[in-house]
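Please keep the sequence and the structure in view while reading.

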Amino acid sequence: MDVFGEPWTTRHARYFVDPKAGAEALLNDASEWLQYAQANLNVLIELVNERGAPDVRRLTVVLEGIGAFIEMGMRSAGQAHMRVQLEKVRKGMRSPVAVP
């Protein structure tokens, strides 16, 4: 098997976040990754309906790719959540504290 072929790529895919990206941009990225996963699932469903059982090797590659898209979407959504929470903490630190 080719070490740097499709299976290697899908197992080693990573999502790198722009440090300046805001929560909205990260959520847009997450939506995009999940749309890629959904589109691949739809293609896979069509292939199975047309041909019956697909080639097992290709099926595993497609499923690993879908898994990578979902993982990247989850990472992006997690980063967005973290940015929102960080912003809340920063706003809380800036507000004046009432001294009793």
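Helices and strands are taken here as DSSP runs, helices of at least four residues (H or I) and strands of at least two (E), numbered from the N terminus. On that basis, the protein has three helices and zero strands. The model is a predicted one.

**Overall organisation**
- Along the sequence, the elements follow the pattern α-α-α.
- The protein has 100 residues, of which 19% count as buried.
- Among contacts with a separation of 6 or more, 81% are between residues 24 or more positions apart.

**Helix H2**
- Helix H2 covers residues 23-51 and includes Val43.
- The 29 residues of H2 should span 42 Å at 1.5 Å a residue, and this agrees with its end C-alpha atoms, which are 42 Å apart.
- Leu26, Ala30, Ala37 and Leu44 are buried in H2.
- The cover over the buried residues of H2 includes H3.
- An α-helix has 3.6 residues a turn, so residues three or four places apart point the same way.
- Gly52 follows H2 and has a positive phi, near 85°.

**Helix H3**
- Helix H3 covers residues 56-94, and Ile70 has its place there.
- With 39 residues, H3 reaches 57 Å from its first C-alpha to its last, close to the 57 Å expected at 1.5 Å a residue.
- The buried residues of H3 are Val61, Gly65, Ile66, Ala68, Met72, Gly73, Ser76, Ala80 and Arg83.

**Partly exposed positions and the nonpolar patch**
- Val43 has a relative accessible area of 48% and is therefore partly exposed, since that class lies between the 20% limit for buried and the 50% limit for exposed.
- The C-alpha atoms of Val43 and Val62 are 9.8 Å apart in space, and the two residues are 19 residues apart in sequence.
- Ile70 also counts as partly exposed, because its relative accessibility is 33%.
- Leu34, Ile70 and Met74 make a nonpolar surface patch of about 270 Å².

Conventions
Residues are numbered from 1 along each chain as its sequence is written. This is a predicted model: local features need pLDDT of at least 70, side-chain atom pairs count only at pLDDT 80 or more; totals for chains, interfaces and linings use all residues. Side-chain values use heavy atoms; hydrogens and water are left out. Buried means under 20% relative accessible area, exposed over 50%, partly exposed in between (1.4 Å probe, protein chains only). Patches are made of residues with over 30% relative accessible area and no salt bridge: like charges are joined within 9 Å, nonpolar side chains (Val, Leu, Ile, Met, Phe, Trp, Tyr) within 5 Å. Accessible areas come from the Shrake-Rupley method with a 1.4 Å probe; for residues, only the protein chains shown count as cover. A salt bridge is a side-chain nitrogen of Lys or Arg within 4 Å of a carboxyl oxygen of Asp or Glu. The expected span of a helix is 1.5 Å times one less than its number of residues. Contact means heavy atoms within 4.5 Å.
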